[in-house]
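Visitor: I've got a chain open in the viewer and I'd like a walk through it. Could you take my questions one at a time?

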Amino acid sequence: MEIEGEDCEVLEQPDFKDHTVIGTRELILVDEKGSKIQATINKHLFDNYKNLVKEGATRIISNFLVKKTGGQHRATSHDYKIVFIYKTNVKECDNVQLPLYGFDFVPFDKMLKKEVNDVFLVDVIGECTAMSDKIDTSTNGTPNYKVMFELEDLKKYTISGTVWGKYAEQMTEYKKKGIQGRPIIILQFVKIKRWRDQVSLCNSLFATKIFINEDISEVNDYKESITDGDDSRSMGITHLSSQNSHSIEDEFMKLADGKQLDEIPDTNKECFCATVATIVGFEKDTNWYYNSCKSCNKKVDYEGGGRYWCIKCDSHVKSAPPRYKVTVSVEDDNGSASFVMFDREVFQAIQISAMDLKDKLLRVYNY
Ligand SMILES: [Zn+2]
């Protein structure tokens, strides 16, 4: 099988286990018809394609695996993706005219009416009517910034959005230039976020691209479509204030899918989502900790004689430090649920390790 495509986007996905190293390189390929497919190059093959795979280059790729796609926030709606293998061949082919970006713009009203599947990342184009300054949301010395904005499309529908990190920097850089009028902004591969009844846009962690008033045909065509004599054109960008907009919820929800508790039972697939709820009680019938294996953190069984057995490691374990496992009941405006909090989460919340807490209870209450 041979495919001719242009990788309009090269993104790096951190390793699943260690976020400081790059695990895979993800490409979005676009063909002459504008259809897109995702391609993955695993870490051990990076060097083989280092100079051949770059953004905006046209390549002929042959001998690869085809795999079914899945998961949340997919960059293309293609059911399959390409996986590079050792024998995959990449040839230069720079004399073919292919669309450079392969945009597929989604109308705002379709998103606002929730007619768009939010599993997929989308492309949008609109006039920026409002923008905030760079808002500092740094916590515990980890720098983080966001910029909020509003876009209006040709049908005058408005959608709001938030971008974080390097994307916030990019927006701020543009604003600093002090250019008059409202810029045309393209956001490629952005997430549609639904929280309560609100629909908004948010950058994806790695894939999003932002084009602000760039001299590309899509932006120029859009400018021409805006009817002449429209007074709002001459107006500037409204300043969005950060005052009432920054909340813990905002911060917490930025990277995950916001769900309310009554929506969670509908999710029968395994997924990552975030919810804002209040802990209203603890399950008291079960112990708040378990004895763990030092090498795998799994629960160990007491064998007697001061020894434990770890099924996972298939070996005897001498010391078995306690780790938290606490079941909590939580509630939000719409429902209730039980969540299990493990060692790291409980420690984050109460700032004492399970070992220290157990010792303290022994000393103070002889518990
Ligand atoms: Zn173990």
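This is a predicted model: local features need pLDDT of at least 70, side-chain atom pairs count only at pLDDT 80 or more; totals for chains, interfaces and linings use all residues.

Visitor: Then which residue is the bridge partner of D301 in strand 21?
Guide: Strand 20 and strand 21 (residues 307-310) pair in the antiparallel sense, over three bridges. Strand 20 covers 301-304, and the partner of D301 in strand 21 is W309.

Visitor: What is the order of the strands in that open sheet?
Guide: Three strands make up the open sheet, with antiparallel pairing. Strand 20 and strand 22 (315-317) are the edges, each pairing on one side only. From one strand to the next the twist averages 40°. The order is 20-21-22.

Visitor: Zooming out, how many helices and strands does the chain have?
Guide: The chain has 367 residues, and 24% of them count as buried. Among contacts with a separation of 6 or more, 57% are between residues 24 or more positions apart. The secondary structure comes to seven helices and 24 strands.

Visitor: Why do the buried residues of helix 3 line one face?
Guide: In an α-helix there are 3.6 residues a turn, so residues three or four places apart point the same way. Helix 3 (residues 166-176) buries Y167, A168, M171 and K175. Looking down the axis of helix 3, these buried residues line one face because they fall within an arc of 105°.

Visitor: And which exposed residues sit on the face of helix 3 turned away from its buried side?
Guide: The buried side has cover that includes strand 8 (122-132), strand 10 (145-152), strand 11 (158-164), strand 13 (198-203) and strand 14 (209-212). Following helix 3 comes G178, with a positive phi near 65°. The face turned away from the buried side carries K166, E173 and K176.

Visitor: What is V190 in contact with, leaving aside its neighbours within four places in sequence?
Guide: V190 is one of the core residues that touch the most other members. Its contacts, with those sequence neighbours left out, are L121, V122, V124, L201, C202, N203, S204 and T208.

Visitor: How many residues of strand 18 are buried?
Guide: Strand 18 (residues 278-282) joins strand 23 (residues 322-331) through four bridges, running antiparallel. I279, for instance, stands opposite V330 in strand 23. Strand 18 lies largely in the open, because of its five residues the number buried is zero.

Visitor: Is F282 buried or partly exposed?
Guide: F282 belongs to strand 18, and beyond four places in sequence it is in contact with V326 and V328. The C-alpha atoms of F282 and S329 are separated by 6.1 Å, although the two are 47 residues apart along the chain. A residue needs 20 or more other C-beta atoms within 10 Å to be buried. F282 has 13, so it is partly exposed.

Visitor: What does F339 touch, not counting residues up to four places away in sequence?
Guide: F339 is in strand 24 (residues 336-342), and it is partly exposed, with 15 C-beta neighbours inside 10 Å. Its C-alpha atom is 8.3 Å from that of V326, 13 residues away along the chain. With the sequence neighbours set aside, F339 touches V328 and V330.

Visitor: Where does N213 lie, and what is its phi?
Guide: Most residues other than glycine have a negative phi. N213 lies in the loop between strand 14 and helix 4 (217-225), and it is partly exposed, with 18 other C-beta atoms within 10 Å. Its phi is positive, near 50°.

Visitor: And what is the phi of N297?
Guide: N297 lies in the loop between strand 19 (289-291) and strand 20. N297 counts as partly exposed because it has 15 C-beta neighbours inside 10 Å. N297 is a residue other than glycine with a positive phi, near 70°.

Terms used
Residues are numbered from 1 along each chain as its sequence is written. Helices (H or I, at least four residues) and strands (E, at least two) are DSSP runs, numbered from the N terminus. A residue is buried if 20 or more other C-beta atoms lie within 10 Å of its own, exposed if 12 or fewer, and partly exposed in between; C-beta atoms are placed from the backbone. Two residues are in contact if their C-beta atoms, placed from the backbone, lie within 7 Å. The arc is that of the directions from the helix axis to the C-beta atoms. Two strands pair if DSSP finds at least two bridges between them. Axes are lines fitted to C-alpha atoms, for helices over the stretch in contact, and angles run from 0 to 180 degrees between N-to-C directions. A nonpolar core is a set of buried Ala, Val, Leu, Ile, Met, Phe, Trp, Tyr and Cys residues joined through C-beta atoms within 7 Å.
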